[in-house]
Amino acid sequence: MSNENKSQQIIYPPVVAVLGHVDHGKTSLLDAIRSTSIAERESGGITQKIGASSVEIMHDDKPRTITFIDTPGHQAFSQMRSRGAIASDIGLLIVSSTDGVMPQTRESIEALKASKIPIIVVLTKADLPTKNIEKAKGQILREGIMLEGMGGDVPVMEVSAKTKSNVKELLDLILLVQELHASNTTEKVSSTHPMKAIVIESRLDQKAGPRATLIIKDGTLKVREPVFIDGSSFKVRSVMDTEGKMLSVATIGQAVEVLGFLKVPSVGSLMTSEPTVQEAELPLSKESVYSPVANQEELPIILAADSQGSLEAITNAFPEKVHVLEQKTGEITEGDVLHAKSTGSLLIGFNTKLRPDVVKLARTEKVLMKNYTIIYELLDEIADVLEGKRLAGIEEIYGTAKILAQFPFEKTVVLGVSVTDGRVARGDKIRVMRGDNVIGESQITSLRVGKEPTSKVEKGHEAGIVISPMLDFEVGDMLLSHE
Ligand code: GDP
């Protein structure tokens, strides 16, 4: 770099996450902050288009920008962290000065501590006569947040979203904290570095396809240039800023909405301008998948089952030491894997689906995940785990195929299938699924493409399959080939 000049160091906008208990005033504070922005006064109101907002203020007589992540509560925040993605530079811990520390305050504190980013404690609703600042501070201190003026150095500020008292001061404090920590000055990041951005929100738009909001952490994002995410690559179709303006480039500290993804990316995914090691999919040894759970006082479990009835039957039969952190009906999702990861839980499915991308995530995150179809097997293994053994392993899905037709053949029936993901092979164990319901388990005894016997058929091809034992399948059912 020829033009290096320390005095002209660029300070990029800090990215701020807002965490706290529900109803403690996160939304009101963000609204109050947005109405303090100079940009709003000039343009007559920011219409908020994406899950983040940029606020422009005068600080030391210079215009400065702060990016707020609006959506992530502490759970989304933990999800990102468990994928190693720290999208924010600073965390605001919102605590109502009337209510003090509540359960989600504690969860937020845990998430913030683990992320190691600087924290600012914001005591909200300071206009209310029922506030009890000292009590709230004492409670926060007891959670291990060492507050300024109480022996620590974590800044704390009393604000009111209603009267706007201290809102501007809070924004100045955020910029001050950023300067102190220098977390995203030119010394570490630069618009000329390779681009890195983190997904903070994503969804499927019926018209525009997959869309995601990302925070750019390094480099410059450019429209029409190729990027890499979750092991695949695409060309950025459009980039929109927090005010809904189309951009051709965006850089560090900016929140943008991007179109062009091949599929909806997961929250916490890293998008880069160059393929990264992470994307190169490191083969994990089988052993590394297992986390030792021996000698634990309690065994935390996240449970997903096909029905409410199954959930009840299973949880009622669990030994005392099992602590069910979460139970639900339906399939296991990436969110469940991340929840299991951040809580050190086993992830147990009963008659549910293990999608290949979820299995992959569980492997990368080293989360122990297993699906059962028989309750006593599940209970036996849980008992073994409590005795200090490890679970026999994570189930791998090799591929999925859709049943398109059936033909009688000799004394049996041939299933005409189309392989929709991965591959199916002769000898594979298969599970027949109808929607989320498991119809049964069987095995592939014969596999043909046309009339030719074959050992393996890959995604995108059709095949004729004979399974044994025969199951009560229907056209349209899915076959899951698994370990
Ligand atoms: P969130 O769930 O954390 O986003 O909380 P909200 O911002 O929705 O606030 C919850 C409730 O507290 C609402 O009824 C707000 O009007 C009220 N509230 C939030 N901030 C203040 C404040 O500074 N002063 C007063 N008096 N009420 C507030």
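Modeller: Gladly, and please keep in mind that this is a predicted model. Let's begin with I66, which touches P14, V16, S53, S54, V55, L171, I174 and L175, leaving out residues up to four places away in sequence.

Biologist: What makes a residue such as S53 count as touching I66?

Modeller: The cut-off is heavy atoms within 4.5 Å, and S53 is among the residues that I66 touches. One of the others is L171, 105 residues away from I66 along the chain, and the C-alpha atoms of that pair are separated by 8.1 Å.

Biologist: Where is I66 found, and why is I66 called buried?

Modeller: I66 belongs to strand β3, residues 62-69. Its relative accessible area is 0%, and buried means under 20%, so I66 is buried.

Biologist: Which residues is L262 in contact with, apart from its neighbours within four places in sequence?

Modeller: Those are P210, S232, S233 and F234. For S232, 30 residues from L262 along the chain, the C-alpha separation is 8.1 Å.

Biologist: Now the helices. Why are α9 and α10 called roughly parallel?

Modeller: Two packed helices are described by the angle between their axes and the distance between the axes. The axes of α9 (residues 334-343) and α10 (residues 356-364) come within 9 Å and cross at roughly 15°. Angles under 35 degrees count as roughly parallel, so α9 and α10 are roughly parallel to each other. The crossing of α9 and α10 is right-handed.

Biologist: Which residues make that contact?

Modeller: From α9 they are E334, V337 and L338, and from α10 they are D357, V358, L361 and A362. That contact divides into 5 nonpolar, no polar and 2 charged residues.

Biologist: And in helix α5, which residues are buried, and what covers them?

Modeller: In α5 (residues 133-142), the buried ones are I133, A136, K137, G138, Q139 and I140. Their cover includes β4 (90-96), β5 (119-124) and β6 (156-158).

Key. Residues numbered from 1 in each chain as written. Predicted model: local features only at pLDDT ≥ 70, side-chain atom pairs only at ≥ 80, totals over all residues. Heavy atoms only, no water. Helix = DSSP H or I, 4+ residues; strand = E, 2+ residues; numbered from the N terminus. Buried < 20%, exposed > 50% of the residue type's maximum accessible area, 1.4 Å probe, protein only. Axes fitted to C-alpha atoms, helices over the stretch in contact; angles between N-to-C directions. Parallel < 35°, antiparallel > 145°, perpendicular 65-115°, else oblique. Left-handed = near helix turned anticlockwise from the far one by under 90°. Nonpolar A, V, L, I, M, F, W, Y, C, P; charged D, E, K, R; others polar.
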